[in-house]
Amino acid sequence: VAGSNRTGAGGNDVQWCFSQVKGAIDDDVAEADIISTVEFNHSGELLATGDKGGRVVIFQQETENKCQPLSRSEYNVYSTFQSHEPEFDYLKSLEIEEKINKIRWLPQKNAAQFLLSTNDKTIKLWKISERDKRPEGYNLKEEDGRYRDSTTITTLRVPVFRPMDLMVEASPRRIFANAHTYHINSISVNSDNETYLSADDLRINLWHLEITDRSFNIVDIKPANMEDLTEVITAAEFHPHQCNTFVYSSSKGTIRLCDMRASALCDRHSKLFEEPEDPSNRSFFSEIISSISDVKFSHSGRYMMTRDYLSVKIWDLNMENRPVETYQVHEYLRSKLCSLYENDCIFDKFECCWNGNDSVVMTGSYNNFFRMLDRSQRRDVTLEASRESSKPRQVLKPRRVCAGGKRKKDEISVDSLDFNKKILHTAWHPQENIIAVATTNNLYIFQEKVN
Amino acid sequence: SEALFGEAEPETKMISMEKAEEAKLKAKYPNLGSKPGGSDFLRKRLQKGKYFDSGDYNMAKATKNKQLPVASVEKTEITGDHIPTPQDLPQRKPSLVASKLAV
């Protein structure tokens, strides 16, 4: 039962502790510093963030100190670079924001790391490589690069590599541009490690990582007459193991699963996941709050999770007519929909994520609260990312919201929630109980309490 | 009371809450389109970032950065309401400003 004295969700009574927080403390947040995406790489050793200013910051987990087995590994800055710049499309009079919408890592193949980062229009493949030695002892050049006077060269020597301070370099290796008329909301790397998809409001394209001058359109839901537009694509993802399968979600709360073996253009879905609704129960808000803001396959590939405004749903890929599990994220907001519509919060796009073994899912909420929903133990907890709870290894206390009626001690009333403090982006380490939670401009890292 | 894990309010209560909120909204904005969610707001979403032309875009950018030195602005004039000169334009050099996360 939520809020009991027992510890929070996370499997086997995991307690979450503060580990680190990155970012400035000041309340005056520059727009560029707003975090727009957070993503661990496949090993969990690297953690990338993207922001509204088009910058990427990558943190690296320090290898644990073997002498102190209980010491916690920290994430420190590994590399940072400007991924995208603002542009203005003069032909269409459209501003192209530099905001990084998504980052996706490629599985590691060699010493370098690769990630895809995208703004509304352009996807870039970045190579992040380390340099820890440099050649010294050239015959024709001085160490600083100036050419030596050839008359002074009397002997020959073989240049050698000598160690140098670690330098991490990021370079753009591919730029995938000009394939999206509308705004890119998702990118997803295929399990074949050769292709990836990019999705905008109306279309999904398939790219080869090596080829930048063309992409294949695989889904197109643009109506012939834009007046007939009723639905847009909100997210898309490749299946983690089946390279022919992907899903995309819509603003009407449906998810379509497509099989690329069936046809070149996947306008006709193989499966349609939709929870039936009694039309007489619909309100003005029904469609808006049913819009899916995120879809994520489980690591197993058997399930997928969707996030709509008020809930998280787990779907079994073998059952299309309803989700197998539904969790309320912040049900107390249902009686506030009018004001949430007026302040545009009802359009906020929350993401969600799975833990490594698919037993717990996490998603953000308002007031810098985030929710951990334990599927296996049928428990949930609300935690808060705040500077007040940021002493080293401080255990996070569960939070409770009072929807109405008598507010108990330690509860916060719905009307006191700060709707400007939204946690839209969260990420879970692929193997360990380490989570990254982004508030507006700060990145919090929490870890499982080690006894 | 806070909705517990997996337990939503009974459906009838959910619907009546939503319909009450809808009534509140329609009372405030009687001209709100009868088509819920729907194509109007979708089309607005697709238009995100649209400006009339590059002049309009640059004027909007100039208004955003109020601390910019604007050449001989009278007190009554509002920054961004006149066609900007090159000095007025916010020359964004984002690459010079590192992310505060990387400090």
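The structure is a predicted model, in which local features need pLDDT of at least 70 and side-chain atom pairs count only at pLDDT 80 or more, whereas totals for chains, interfaces and linings use all residues. Residues are numbered from 1 along each chain as its sequence is written, chains are lettered from A, and side-chain values use heavy atoms, without hydrogens and water.

Chain A contains two helices and 32 strands, these being DSSP runs numbered from the N terminus (helices H or I, at least four residues; strands E, at least two). Along the principal axes, the C-alpha atoms fill a box of roughly 95 × 60 × 40 Å. Of the 451 residues, 55% count as buried, meaning under 20% relative accessible area with a 1.4 Å probe and protein chains only. The accessible surface of chain A comes to about 20,400 Å², with 47% of it belonging to carbon and sulfur atoms, as computed by the Shrake-Rupley method with a 1.4 Å probe.

Strand 2 of chain A (residues 35–40) is largely enclosed by the rest of the structure, because five of its six residues are buried. Strand 2 runs antiparallel to strand 3 (residues 46–51) of chain A, and five bridges join the two, pairing being assigned where DSSP finds at least two bridges. A:Phe40 has A:Leu47 of strand 3 as its bridge partner. Five residues lie between the strands of this hairpin, in which A:Gly44 takes a positive phi near 85°.

Key: Buried means under 20% relative accessible area, exposed over 50%, partly exposed in between (1.4 Å probe, protein chains only).
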